[in-house]
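Colleague: Could you take me through this model? I would like to begin with how the strands pair.

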Amino acid sequence: QVQLVESGGGLVQAGGSLRLSCAASGIIFSINNMGWYRQAPGKQRELVATITAGGVADYADSLKGRFTISRDNAKKTVYLQMNSLKPEDTAVYYCNAQALVLGSTSLNDYWGQGTQVTVSS
């Protein structure tokens, strides 16, 4: 119904930057909130940032000032600009979207397959 494909992960040195992208496709009527989550080895998945369809962003307190979320509604794409990366940012980053598919009356959560971000010290 809805596919989310992430890109932009990789290996970067501490202090560097990466930009993640996540494009949604499928029989989508509308997308509400979109967001990024991450999961480090041995830890639970945690919120990184979310953004509403109107562009209102919210961040995990510990990431404010270093990460910026944005979206292009026409492209059904959400971005995550990550600056001043630290080794503790190493994780698999997952894209999330709350979408209404054609023919449905309820919003559902959809997840991407994840993209690995590794920050070396």
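Modeller: Strand β1 (residues 2-7) and strand β3 (residues 18-26) pair in the antiparallel sense over six bridges; two strands pair if DSSP finds at least two bridges between them. Strands (E, at least two residues) are DSSP runs, numbered from the N terminus. This is a predicted model: local features need pLDDT of at least 70, side-chain atom pairs count only at pLDDT 80 or more, and totals for chains, interfaces and linings use all residues. Residues are numbered from 1 along each chain as its sequence is written, and side-chain values use heavy atoms, with hydrogens and water left out.

Colleague: Which residue in β3 is the bridge partner of Gln3?

Modeller: The partner of Gln3 in β3 is Ser25.

Colleague: Changing topic, is Phe29 buried or exposed?

Modeller: Phe29 is exposed, with a relative accessible area of 59%, and lies in strand β4 (residues 28-39).

Colleague: What about Lys64, and where is this residue found?

Modeller: Lys64 is found in the loop between β6 (57-59) and β7 (67-72). Lys64 is partly exposed, at 48% relative accessible area.

Colleague: How far apart are Lys64 and Val92?

Modeller: They are 28 residues apart in sequence and 19 Å apart in space, C-alpha to C-alpha.

Methods:
Helices (H or I, at least four residues) and strands (E, at least two) are DSSP runs, numbered from the N terminus. Buried means under 20% relative accessible area, exposed over 50%, partly exposed in between (1.4 Å probe, protein chains only).
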